[in-house]
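Hi,

Here is the structure I promised to send over. Have a look at it first, and then read on for what turned up.

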Amino acid sequence: MWPPSVGHSIDGTVLPRYPPNLEDVVDPALCGIPFEKQLTTSDLDDSQQRRLFMVKRHVERCFLPLLIDGEEDVDEGIPVTLYNTQGAEYETIFKRWVKNKYYVLNGKGWNAFQERNGLKDISDWVTVWMFRHRRNGKLCFAITWKRMNTDRLLQYRPHKNRGYTRKRM
């Protein structure tokens with residue numbers, strides 16, 4: 001069934017509820033359900049301004065409820081800490097982008113994260129969590145990734161009457 005249901009991977013397995021190896025950082029009561037996405041050229045390429053595009057419906061349903069009303073404005077951009085599974089920290093910005101069409105992580109922190117972790121478009125799939133820091137309450141993200149044996153972008157588009165269809169490009 002496509003798209004995968006909330007909290008499920010492309011292969012149908014359940015995504016971990018919390019990011020691995022970050023138990024000392026994640027407040028389990030304030031951790032959104034993760035999503036998975038295939039990285040594209042626009043997520044990684046300098047000429048595309050390197051910004052991680054996030055699944056709009058998922059962000060609105062599972063991540064935005066973690067924002068503090070009156071203190072955090074996603075339209076202005078919210079400074080966040082991004083973690084990899086080794087606990088390395090990258091300061092970046094979470095914001096709504098292009099007239100409310102997309103949510104992104106961007107800035108020098110995202111650039112450093114994807115370069116230092118050797119992420120590749122098309123073959124890499126990322127899992128993204130949003131959570132509150134256990135000690136200081138700061139808004140944070142964690143990203144893990146897996147490399148799949150593919151050289152094609154999988155594009156999914158809504159089908160008029162039957163939900164979603166899978167199209168290989």
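Two rings of Phe, Tyr or Trp (its six-membered ring) are taken as a pair if their centres lie within 6.5 Å. With that in mind, Phe35, Phe63, Phe94, Tyr103 and Phe141 form one aromatic cluster. Please remember that this is a predicted model.

The count of aromatic pairs comes to eleven. In one of them, the ring centres of tyrosine 83 and phenylalanine 131 are 6.1 Å apart with 35° between the planes, so this pair is tilted. Tyrosine 83 belongs to strand E4 and phenylalanine 131 to strand E7, so the pair ties together parts 48 residues apart in sequence. Both tyrosine 83 and phenylalanine 131 are buried. Tryptophan 97 and tyrosine 102 make another tilted pair, at 6.1 Å centre to centre and 45° between the planes. Tyrosine 102 is partly exposed, at 36% relative accessibility.

Now for the core. The largest nonpolar core has 28 residues, and Leu52, Met54, Phe94, Leu105, Val128, Phe141 and Ile143 have the most contacts inside it. At least two residues of this core come from each of several elements, including helix H2 (56-63), strand E5 (89-97) and strand E8 (139-147). Another core, of nine residues, lies apart from it, with Val26, Trp129, Phe131 and Ala142 among its members.

Glutamate 36 sits in strand E2 and lysine 146 in strand E8, 110 residues apart. Glutamate 36 is buried, at 13% relative accessible area, whereas lysine 146 is partly exposed, at 29%. Lysine 37 and aspartate 43 also form a salt bridge, at 2.5 Å from N to O. Here lysine 37 is buried, with 12% relative accessible area, and aspartate 43 is buried as well, at 0%.

Best wishes

Note on methods
Residues are numbered from 1 along each chain as its sequence is written. This is a predicted model: local features need pLDDT of at least 70, side-chain atom pairs count only at pLDDT 80 or more; totals for chains, interfaces and linings use all residues. Side-chain values use heavy atoms; hydrogens and water are left out. A nonpolar core is a set of buried Ala, Val, Leu, Ile, Met, Phe, Trp, Tyr and Cys residues joined through side-chain atoms within 4.5 Å. Buried means under 20% relative accessible area, exposed over 50%, partly exposed in between (1.4 Å probe, protein chains only). Helices (H or I, at least four residues) and strands (E, at least two) are DSSP runs, numbered from the N terminus. Rings of Phe, Tyr and Trp (its six-membered ring) pair if their centres lie within 6.5 Å; planes under 30 degrees apart count as stacked, over 60 as edge-to-face and the rest as tilted. A salt bridge is a side-chain nitrogen of Lys or Arg within 4 Å of a carboxyl oxygen of Asp or Glu.
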